[in-house]
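Hello,

Here is the structure I promised to pass on to you. My notes on it follow just below, so please have the model open while you read.

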Amino acid sequence: MGADTAAARLAALAADRVDHRFKGLPPDADGLTVGELAAQRRNLFTGGFTTPVLALSAERLKHNLELMETYATRHGLAFAPHGKTSMAPQLFQRQIEHGAWGITLAVPHQVRVAREFGAGRIFLANELVDAAALRWIAAELAADPSFRFVCYVDSVDGVSLMDAALRGASRPVDVVVELAAGEGARTGVRTEAECAAVADAVAATDTLRLVGVAGYEGEVPDADPERVHAWLRRLTALAADFDEAGRFAGNGLDEIVVSAGGSAWFDAVADVFAGIPELSLPVLKLLRSGAYVSHDDGHYRRITPFTRVPEEGALQPAFRLWAQVVSRPSPAQAFANAGKRDAAYDLDLPLAQVVRRDGAERPAAGVTVTGLSDQHAWLATTPEADLRVGDWVGLGLSHPCTSFDKWQLIPLVEADGTVVEYIRTFF
């Protein structure tokens with residue numbers, strides 16, 4: 001797909017009409033295009049938006065994009081951020097503009113979304129044995145010689161299924177052998193001997209091409225720096241062993257792919273990948289962290305590697321969910337109108353951060369979210385909490401992935417409340 005076509009499809013998102021599909025948007029904006037509403041630069045707090053409404057900070061998004069671009073460049077890493085976090089092609093484009101090699105995805109539907117909006121390099125961090133999806137991938141590769149696609153393999157049976165589905169394809173599908181993070185971990189080959197058997201099975205086909213090795217260190221059992229580093233050294237040693245055995249020779253490759261990196265241990269990836277020995281071809285050291293794009297106020301704030309390497313910088317939580325107090329049944333309790341349908345809650349409950357009343361904003365002292373119903377946040381309030389029915393409460397969220405996937409159209413908001421764009425998601 002040409003750059004002009006991709007740009008046109010991204011631009012076409014602004015032509016969609018504002019209507020009942022999109023939560024939180026001003027009712028009087030119905031019938032406007034998204035682009036027309038954005039051009040009005042309405043204020044989130046005074047421009048007719050209804051609660052609950054999720055806001056993404058323009059300044060903090062920009063900061064996070066720039067920080068990870070700098071980090072990857074400093075450590076000599078290629079970067080394919082995991083797109084499953086946002087499933088937002090507008091953010092994919094921003095990530096590519098900030099130096100990303102391509103986009104990582106997890107399932108065929110996500111690949112289709114990314115291709116629709118022009119992604120030219122896709123790393124599928126998963127096994128792919130669905131015959132219909134493989135035939136579609138083969139057609140994309142045939143139609144676009146510049147399209148680069150790589151996916152996992154972790155079994156001889158999987159290789160056989162892929163080979164059967166791809167017979168007659170004009171280009172082989174590039175694959176990396178996935179090394180499991182340990183016994184009892186998720187997908188991946190458990191032993192180096194089994195990795196070799198999978199690689200041999202790939203070599204016996206005309207439909208697949210072995211291009212490297214990969215895995216996910218976030219699944220290391222009882223993960224700590226020592227265990228994660230040890231597993232990453234196994235992964236890089238596997239690449240070296242494959243290379244020494246000539247498994248990458250004669251494949252027409254110009255690089256060997258070695259890939260890892262979630263959002264919790266990318267500092268360990270940088271450490272170990274820096275020590276990859278010289279191989280017969282240049283090594284594409286591919287990092288795949290995704291949650292950084294919005295970061296969060298809970299789980300990822302606690303586990304981000306930047307807490308271990310503060311000299312490298314710090315990510316900033318970019319989401320805030322605004323809800324309104326609709327009930328104050330007692331001095332110790334209140335209820336706001338955002339619940340499980342609106343807020344991520346799979347890792348942590350939302351965090352009450354600020355209260356807005358009459359245009360003034362102050363810390364949400366004495367206010368704690370203790371639970372979520374489908375459409376209500378349960379708020380415990382201490383005597384210091386000055387909270388009234390009608391107040392807006394700004395909630396920090398934990399887990400970017402399940403924050404994005406509850407909202408189809410997300411206002412991108414500047415610090416003064418001006419909404420400058422709307423981010424469309426495709427889950």
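Leaving aside neighbours within four places in sequence, Leu 141 is in contact with Phe 147, Phe 149, Arg 171, Pro 172 and Val 173, where contact means heavy atoms within 4.5 Å. Before going further, please note that this is a predicted model, in which local features need pLDDT of at least 70 and side-chain atom pairs count only at pLDDT 80 or more, while totals for chains, interfaces and linings use all residues. Residues are numbered from 1 along each chain as its sequence is written, and side-chain values use heavy atoms, with hydrogens and water left out.

Leu 141 sits in helix α6 (residues 131-143). Helices (H or I, at least four residues) and strands (E, at least two) are DSSP runs, numbered from the N terminus. Is Leu 141 buried or exposed? With a relative accessibility of 3%, Leu 141 counts as buried; the classes are buried under 20% relative accessible area, exposed over 50%, and partly exposed in between (1.4 Å probe, protein chains only). From C-alpha to C-alpha, Leu 141 and Ala 169 are 8.9 Å apart in space and 28 residues apart in sequence.

Val 173, one of the contacts of Leu 141, also touches Ile 137, Phe 149, Cys 151, Met 162, Leu 166, Thr 207, Leu 208 and Arg 209, among residues beyond four places in sequence. The largest nonpolar core has 124 residues, and Phe 123, Phe 149 and Val 173 touch the most other members. Such a core is a set of buried Ala, Val, Leu, Ile, Met, Phe, Trp, Tyr and Cys residues joined through side-chain atoms within 4.5 Å. Apart from that core lies another, of 18 residues, including Leu 44, Phe 49, Val 413 and Tyr 422.

**Sheet, hairpin and an enclosed helix**

Eight strands make an open sheet with parallel pairing, in the order β2-β9-β8-β7-β6-β5-β4-β3; two strands pair if DSSP finds at least two bridges between them. The edges are β2 (78-79) and β3 (103-105), each with a single partner strand, so one side of each has no neighbour in the sheet. Helix α5 packs on this sheet and touches β3, β4 (121-127) and β5 (148-153), and its direction makes about 175° with that of β4. For that angle, axes are lines fitted to C-alpha atoms, for helices over the stretch in contact, and angles run from 0 to 180 degrees between N-to-C directions.

Within the sheet, β7 (residues 208-214) and β8 pair in the parallel sense over three bridges, and Gly 212 stands opposite Val 257 in β8. Elsewhere, β14 (residues 367-372) and β15 (residues 377-381) pair in the antiparallel sense over five bridges. These two strands form a hairpin with four residues between them, and Gly 371 has Trp 378 in β15 as its bridge partner.

Helix α10 (residues 266-273) is largely enclosed by the rest of the structure, because seven of its eight residues are buried. The buried ones are Phe 266, Asp 267, Ala 268, Val 269, Ala 270, Val 272 and Phe 273. Their cover includes α3 (58-74), α9 (225-244), β8 (256-260) and β9 (283-287).

**Charged pairs**

How many salt bridges are there? The count comes to 28, taking a salt bridge as a side-chain nitrogen of Lys or Arg within 4 Å of a carboxyl oxygen of Asp or Glu.

One of them joins the side chains of Asp 16 and Arg 424 (2.8 Å, N to O). That pair links distant parts of the chain, 408 residues apart: Asp 16 is in the loop between α1 and α2, and Arg 424 is in strand β18 (residues 419-424). Both residues are buried. Asp 16 also makes a side-chain polar contact with Arg 21 (3.0 Å), meaning a pair of N or O atoms within 3.5 Å; within protein, one must be able to donate a hydrogen and the other to accept it, and residues adjacent in sequence count only if both atoms are side-chain atoms. Asp 16, Asp 19, Arg 21 and Arg 424 are linked in a network of salt bridges.

Another salt bridge joins Glu 116 and Arg 9 (3.6 Å, N to O). Glu 116 lies in α5 (residues 108-116) and Arg 9 in α1, so this pair ties together parts that are 107 residues apart in sequence. Glu 116 is partly exposed, at 39% relative accessible area, and Arg 9 is partly exposed too, at 30%.

Happy browsing!
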